[in-house]
Amino acid sequence: MTATDKAREIEERTAFFDRVKGIRVASWATGLLLAAAAVVAAVLQPNLLTPYGVSSTFATFLPLVLVAVAQSFVVIGGGLDLSAGAIVALSSVVAVQAMRGEEGTALIGFLAAVGTGFACGAVNGLIVSRLRLQPLIATFATASVFSGLALFVLPTPGGTVPAAMTETFRQAIAGVPVSLLLVVAVAIGWLALRKLRVFRYIRASGGNPAAAYASLVPVAGARFASYAICGAVCGLAAVAVLGNSGSGDPFIGGDLALNSIAAVVIGGIALRGGIGSPIGAIAGAITLSLASTILFSVGLPTSWRALATGLVVILALSLSALGAPRRQR
Amino acid sequence: MNNLRRVVRDPLVIAALIAIALVVAGGIVSPGFASPDQIVNMLRVASFLGLIAIGQTLVVLSGGEGIDLSVGTVATLGAILASRTMAGDNAMLIPGVLLALVVAAAIGVTNGLGIVFLKIPPFVMTLGMLGVVSGLILVVTGGVADGRAAPALVHLVNGRLFFGIPGILIVWAALAVLVTLLLRRTTFGRQLYATGAGREAARLSGVPVNRVLITTYTLSSVFAALGGIAMVGYSQQVFLNLANDLTLPSIAAVIIGGTLVAGGVGGYLGSAIGAIVLTVLTSLLTTLSMPEWARIVVQGAVLIALLAVYGRQRRLRS
Amino acid sequence: MNESSPLVRLRDVHKRYGGVRALQGATLSAVGGEVHGLLGPNGSGKSTLGKVLAGSVRPDRADIAIAGSAVQIGSPRAAAKLGVSAVYQQLSLVEELSVSHNLVLGQEPGRVGFLSDRAAKAKARPILERLGPALGDVQADQPVRDLTPGQQQLVEIGKALLREPRILILDEATASLHRDQVQVVFDVVRELKEDGVCVLFVSHRLDEIMELCDRATILRSGETVAETVIDTVSPEEIVRLMVGDVQTVEREQEEPAEGPVRLAVRELSGKGLSDVAFEARAGEIVGLGGLQGQGQSELLSALFGATANSGSVSVDGRPVRLASPRSAAARGIALVPGDRGSQGTLPARPILENLTVASMRKRASFGFLRAARERAASQRMVDELSIKVGGLAEPVSSLSGGNAQKVVFGKWLLNEPDVILLDDPTKGVDIGAKSEIYRIIRGLARAGTTVIINSSEDRELVTLCDRVLVMFEGDIRAEIRGSEITEERLVQAALRIGEGTHGETTAESAT
């Protein structure tokens, strides 16, 4: 081995360690919350750790994990998407109608869902970046448009999903449930793509739009991209919803927007933009889902569950607001 | 000439013209749409939204991306609490209303405290509160809505008290006057405008910004509950999602009325007209037998169009 | 130097902000391979002129030529294409990103959409090495947030260098740097000059201009008044060119105020302030002098309770709790803040509301306002201060700068303050309104109010003050009284204090 080879090897090794450092969860608080939630959930519900338990738990988590990741792109970019839930609903019913319950159409359904999600996200992106409307009210309004369209596409819950889609969810590869693998795949997918130029621009535009603009970063383009990507990932979430439930439901989106924002906040992503990573959002979504699993297992009466979930969400939001570093101006 | 142009450009005038145009259009499409009876009925329905929009107006005026996404569910909760207490009995009307308003006030104070002291953005706080209140509704009702409005309340809303005018419209008009006075003729109103127009400048002028904000969010919840109570007087029966869908229209009404999304400029009269415009639009769409989905889509599209006209944000370059 | 074909030529540049003319026909001409100073008092338009060239300010009219061909510069992107880079005191860094990511921001190296951190580091390395002696132990992958202000400023400079500009604008880019760091930057600038780059150097520090620049353009009130070759002039001559006709400034204060001590400040510390102590008498006008940004504004907001601070302040012997502007106002303290648009006025609200907002509670009964009383109160202020208004219901944003500022004065006069704090009260105000504001200030002092005034214009302090406290790095370092207050004394005092200590205090210890 020559000296230069040696040097290259060392350089590559450090690069690898740099990469590992980059993977860290957004903050220790996020990790702590996740660990605490996991331990409590496992203690209260021991069958959570059986293969079946893991499989079904992660199958129910996956939609929120995906929507949280989708939301994280917009939030890191300094925006907000209140229509994320409605996009999931619309994408899922479009996919159901595209597949018509026939076998062998799973791929068409997949493409229809992601395509619809992307189109919705692009609409949001255009409205926010080109028309320069306040993202909050604008996406609240598009949420209404998307959920209206979802009702048009599929007026009542129903339709069937090809077995290929639902079966995949319940399978295991080498003893590891597919649903868990998919959550891991989402994380790996992010790690593989995070070096894309567009993500750097999204982060810079969210962190300090004036500085990014002065540094010739296409801020409006980055904003648009953040919403479009968010929409496409919401389309993925719609596929997860379908795989999980086996049928279409135009009302599915209900709490997803709020929960995704809560997950993003728990995941250490600052709502003012620029800070955090989708990995944090994944952790936040799992924490939040585990919290509701816990609420189930402590035997709360059904009617109290919604209240308890709401309180958990608001508690998480306020805790994170207390802990977040304040920007000095 | 210049004055005329200013009047024509006033959002209030534009909104009023749109309302009239919609009524006329409806009358052409379907005879009877513009009949006095039908107009009174539309105004009656508009009053629920109008009451809720009072609070939303104050919140948007307070600036700092002020918005209250919990008004719809709070209105529902108010309706449920009031009607369960009344249970169709006039004697329990006042206690029922009071209970609803007190609970709503507590919710509003919580919103305000979270926004002011925990520095949670208003939309996050009120969206979170939406979840909590929905849960609260399930706890209170156990999933079954079984309240009934007191006859007096039903009479106030559905009956015709004076010269064929329903009592609720008189209540609404009175509150509109009171709120306008509150905004224009009290220290609180001036402080609210100051807080919305420039929070830092207001603070440096000795305005108690935190107190103003907490009061504003409290009032928002209280007026939402009031709107919910009026609604249950109309429907007589209470539903678990009675007023949930009024949040978006309440924001749209405020924007139609010309109140700036950025805060500090606007008033209630515009929002009241905005509520009428939206109600007339909805009944027009119903008259045209548009399906439910189309109505929802139109609502969202109208709000986006309005924002595009009134609510553009600044460019990055000066 | 080749005068016939300058690399940069700006002519006839005009820019108005509302009623204020920031630039009125300014010119500038500089060649490649030269360091060209841009000098002038505050508000003379030198920064605006730089920003026109950098594409971040759109001029009302301008005739710009680069390397002999006429160009339009509509955006920072257009400027960058022409080879113009700019560094300001106000940073354009994304704090969440690392040093190397900030350095390459907007021009990241990469392949098919994927960025390469290694290539970015390689690209940034020469710059980091070049600035290394000044940067200290800064790592390429450290977040910019963790750097000291001085180090951040250096990264900002590095960012501009990485674009290999033909024309580099340094606008107060050395203000937050330690002396050794400044020397490193100067070395870099000299190398650029050797390579034929044109460097436009804007600075308050005269010694830096003298040391670095070949020529200088001097601006006053938005116009170019002189262009000099630095070697041929003395610092005193430059000061004189900057301030203009020194003789015209007249002190109008005859005898010092003899009233009782009204405001007493002891051990006041906080953001940007260390252990400030002074007293001021009733009817006295006390100026805060020194270089800009030495804690003058911070002192005023601290006295008004607007920022968290420790120390004791008393008015007429009674202690003031510095908890909030509200409690300070209740003790008779008033502040006319530095930023009229965001701190002084509510631009979108009517004049009447702006005038009455601080005092309306005194006139209200049970929270209700009487329209007639409010109107009378604001009309009284409009008359007394001769504010030119169309109507009391018009928004303040419809007023000129001077009249808007009078509204801020009126707001507090309705509260009859004992102490009034003025933070650069005539900034962006035209000449006529300025003298009227002076009249108001003198009237206040005559009525026994203590006036504390910070000004970016030395001649304002000369005209108004009984006494000037010269500040440096958050503390009062010198005092000039009565007839000793002249513009030259003030400029010298400000610079000389800097000479003594400048260099020992680093950005780190100053925070």
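At what angle do helix α8 (residues 167-185) of chain B and helix α13 (residues 268-287) of chain B pack, and how far apart are their axes?

**View 1. Helices α8 and α13 of chain B pack against each other.** In this predicted model, the two helices, which span residues 167-185 and residues 268-287 of chain B, pack at an angle of about 150°, and their axes are 9 Å apart. On the α8(B) side the residues that meet the partner helix are Ala176(B), Val179(B), Thr180(B) and Leu183(B), while α13(B) brings Tyr268(B), Leu269(B) and Ala272(B) to the contact. Sorted by kind, the residues of this contact are six nonpolar and one polar, with no charged residue.

**View 2. Chain A meets chain B through 40 residues on either side of the contact.** Here 40 residues of chain A are in contact with 40 residues of chain B. On the side of chain A that touches chain B, the elements giving two or more residues are α6 (135-153), α10 (209-214), α12 (256-266) and α14 (302-323) of chain A. The most is given by α14(A), with 14 residues. This side of chain A is made up of 29 nonpolar, nine polar and two charged residues.

**View 3. Chain A also touches chain C, with 18 residues from chain A and 19 residues from chain C.** On the side of chain A that touches chain C, α9 (197-207) and α10 of chain A each supply at least two residues, and α9(A) gives the most, with five residues. The residues on this side of chain A divide into 10 nonpolar, four polar and four charged.

**View 4. Leu66(A) is a member of the largest nonpolar core.** This core holds 381 residues, and those that touch the most other members are Val65(A), Leu66(A), Val88(A), Ala237(A), Ile282(A) and Leu421(C). Helix α11 (residues 219-245) of chain A provides the largest share of the core, with 18 residues. When neighbours within four places in sequence are left aside, Leu66(A) is in contact with Val186(A), Val233(A), Leu236(A), Ala237(A) and Ala240(A).

**View 5. Ala122(A) lies in helix α5 (residues 106-129) of chain A.** Because 17 other C-beta atoms lie within 10 Å, Ala122(A) counts as partly exposed; a residue would need 20 or more to be buried, and 12 or fewer to be exposed. Residues up to four places away in sequence not counted, Ala122(A) touches Ala228(A) and Gly231(A). Val39(A) is 83 residues from Ala122(A) along the chain, and the C-alpha atoms of these two residues are separated by 40 Å.

**View 6. Chain A as a whole has 14 helices and two strands.** Of the 329 residues of this chain, 59% count as buried. If one takes the contacts in chain A between residues at least 6 apart in sequence, 80% of them join residues at least 24 apart.

**View 7. Chain C includes a stretch, residues 500-511, where the pLDDT is below 50.** For chain C the mean pLDDT is 85, and 92% of its residues reach 70 or more. For the model itself, the scores are ipTM 0.87 and pTM 0.85.

Key. Residues numbered from 1 in each chain as written. Chains lettered and ligands numbered in written order. Predicted model: local features only at pLDDT ≥ 70, side-chain atom pairs only at ≥ 80, totals over all residues. Contact = placed C-beta atoms within 7 Å. Helix = DSSP H or I, 4+ residues; strand = E, 2+ residues; numbered from the N terminus. Nonpolar A, V, L, I, M, F, W, Y, C, P; charged D, E, K, R; others polar. Core = buried A, V, L, I, M, F, W, Y, C linked by C-beta atoms within 7 Å. Axes fitted to C-alpha atoms, helices over the stretch in contact; angles between N-to-C directions. pLDDT = per-residue confidence, 0-100.
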